[in-house]
Amino acid sequence: MEIAKVIIVDDHVIFRKGLYTILNEIDFIKVVGEASNGNELLELLKKQPADVILMDIKMPVMDGIEATKKVSARYPDIKVIALTMFEEISYFNKMIEAGASGFLLKKTTSEELERAINLVLEDESYFSEEFMNSVNVHLKPKQKNTTIALTDREQEVLELICKGYSNVEIANFLGVSSRTVDGFRARLFEKTGAKNAPNLVMFAIKNGLVN
Amino acid sequence: MISIVLKFILRVFLPVFLLRFSLLCGGGFRCYFWIKINTVKKQKIIIADNNKYFREGLKRILLNIGNVKVVGEAENGLQLLDLLEIQKADIVFLDVAMPEMGGFEAVLIGHQKFPKTRFIAFSSLENPRYVNRMIAAGVSGYLTKSSDNYDLLHEIVTEKQQTFYLSPGLQNHNLQFDNHSLVN
């Protein structure tokens, strides 16, 4: 497996140090840099290529939302995973709009980190289940949007995407091929107007399409 | 015959035995003092924080500073107090906001039960209200997670005299060091 180059962006130096140590213990990951805010990250990216950025949201000088916007515009191949505290779930929308491919809570396990990095590298998205539950509670509308009609299968696929299942996992779960799942995804994007999986997840939550 | 045995004991065995014993004792004492002089006691440390990455990072930094032994970790105040019952610690670094039992309550109880242990708060909360409450509960320092605390951590683990440690960002805050009414 190719080595994934990861940069950690967080203003808490001790947290960075711990995350750095634990991430470097994972075979396919190499932490190639650290930054304590968005500005430092952009400076670092001028000389250090990266595949994935683990991004804190609240930081001094330049926060994670602004930094994610700039990274997505300047380096579209780099994937951003937001690393957040429970209190920061209200920033979910803004981070998705800025271009984040995943969301993890700061208390995440190394297994979940590994999984999330793997998935975003394969152009998928990852949202920690615990995080999604709280986002769901936070953003859930009082009434379900009934203007979007989904078939039972589409509904099922949508729920599994929101639970953080990968394409292959959805295919295995439903007993269909990955191509069929791709077809469902394409139809879901079309019906919701979402550009990518994170947008689709946000749309589904905001419109009460998932439980 | 008995007198020959007694003479042997008095003139040969006893002097040789006493000489050997004194050498042994002298050597022993010398050895004891040598150990006493050449080994500085390592500070026993416990880290209580619900974030394992923070615990790991702090552990690494402390081990780099040296002269410490991290003897335990806890995820909340309750685990910390249970741990202290079975494991003595010189210094406890603890977060303020933790699930089940936070740092404030843990210090209130821990400070009374384990008076020889120094409790140092290490939190992302920088509001003077929290700092004052922790001071009133009995902490010997308050460090903030966003500050560069390397020099302070070095002082905490190496300095023998009791002083109060405060992260650079908090030093201009209006803190109340004598207000024990805050505890209530």
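Two strands pair if DSSP finds at least two bridges between them. Strands (E, at least two residues) and helices (H or I, at least four) are DSSP runs, numbered from the N terminus. Keep that in mind.

Housekeeping next. This is a predicted model: local features need pLDDT of at least 70, side-chain atom pairs count only at pLDDT 80 or more, and totals for chains, interfaces and linings use all residues. Residues are numbered from 1 along each chain as its sequence is written, and chains are lettered from A and ligands numbered from 1 in the order in which they are written.

Start with chain A. Strand β1(A) covers residues 4-9, and five of its six residues are buried (20 or more other C-beta atoms within 10 Å of their own, C-beta atoms placed from the backbone). So β1(A) is largely enclosed by the rest of the structure.

What does β1(A) pair with? One partner is β2(A), residues 29-35, parallel, over six bridges. There, I8(A) stands opposite E34(A). Another is β3(A), residues 52-56, also parallel, over four bridges.

Now chain B. Six strands form an open, parallel sheet, in the order β2-β1-β3-β4-β5-β6. Its edge strands are β2(B), 68-74, and β6(B), 165-166, each pairing on one side only. Six bridges join β1(B), residues 43-48, to β2(B). I45(B) has V70(B) as its bridge partner.

Last, the contact between the chains (C-beta atoms, placed from the backbone, within 7 Å). Chain B gives 14 residues and chain A gives 13.

Key:
Contact = placed C-beta atoms within 7 Å. Buried ≥ 20, exposed ≤ 12 C-beta atoms within 10 Å, placed from the backbone.
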